[in-house]
Amino acid sequence: MSDQDLRELLEKVHRELEQTEATDEAGRERLRYLEADIRSLLERTGDTTETDEPMLERLQESIDHFETSHPQLTMMLSQMMTILSNAGI
């Protein structure tokens, strides 16, 4: 996947997050962290990437949390997780 493809996916996930309403405080907190993580990834796309374990852990926790309540978001987050893992982030 090219940097442009990754950027497009991150922007798509960002738009989906903006439209997602969390029903509990834990969900709202996860959305805030995801927003910050995506902004960080967008800023460094194209730069040398390094492993960011806390980000990957938050991403996996978010996938688990939103799996039943937000399947579209979960699908995009899973795709993002796969791409980032394959890229060595």
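**Helix packing and a cavity**

Q: How are α3 and α4 set, roughly parallel or roughly antiparallel to each other?
A: Roughly antiparallel, a label for angles over 145 degrees. Helices here are DSSP runs of H or I, at least four residues, numbered from the N terminus.

Q: Before we go on, what sort of model is this?
A: A predicted one, where local features need pLDDT of at least 70, side-chain atom pairs count only at pLDDT 80 or more, and totals for chains, interfaces and linings use all residues. Residues are numbered from 1 along each chain as its sequence is written, and side-chain values use heavy atoms, leaving out hydrogens and water.

Q: Thanks! At what angle do α3 and α4 cross?
A: At roughly 155 degrees, and the axes of α3 and α4 (residues 71-86) come within 9 Å. Axes are lines fitted to C-alpha atoms over the stretch in contact, with angles from 0 to 180 degrees between N-to-C directions.

Q: Which residues make the contact?
A: From α3 we have Leu56, Leu59, Gln60, Ser62, Ile63 and Phe66. On the α4 side, Pro71, Leu73, Thr74, Leu77, Ser78, Met80, Met81 and Leu84 take part. Contact means heavy atoms within 4.5 Å.

Q: And how many of those are charged, polar or nonpolar?
A: The α3 contact with α4 has 10 nonpolar, 4 polar and no charged residues. (Ala, Val, Leu, Ile, Met, Phe, Trp, Tyr, Cys and Pro count as nonpolar, Asp, Glu, Lys and Arg as charged, and the others as polar.)

Q: New topic: what lines the largest cavity?
A: Leu34, Asp37, Leu41, Met55, Leu59 and Met80. A cavity is a set of points on a 1 Å grid where a 1.4 Å probe fits but cannot get out, and lining residues have an atom within 4 Å of a point.

Q: Which elements give two or more residues to that lining?
A: α2 (25-44) and α3 (53-66) do, and α2 has the largest share, with 3 residues.

Note on methods. 1 Å grid on protein atoms, 1.4 Å probe; cavity = no way out; pocket = protein on both sides within 12 Å on 5 of 7 lines; lining within 4 Å. Parallel < 35°, antiparallel > 145°, perpendicular 65-115°, else oblique.
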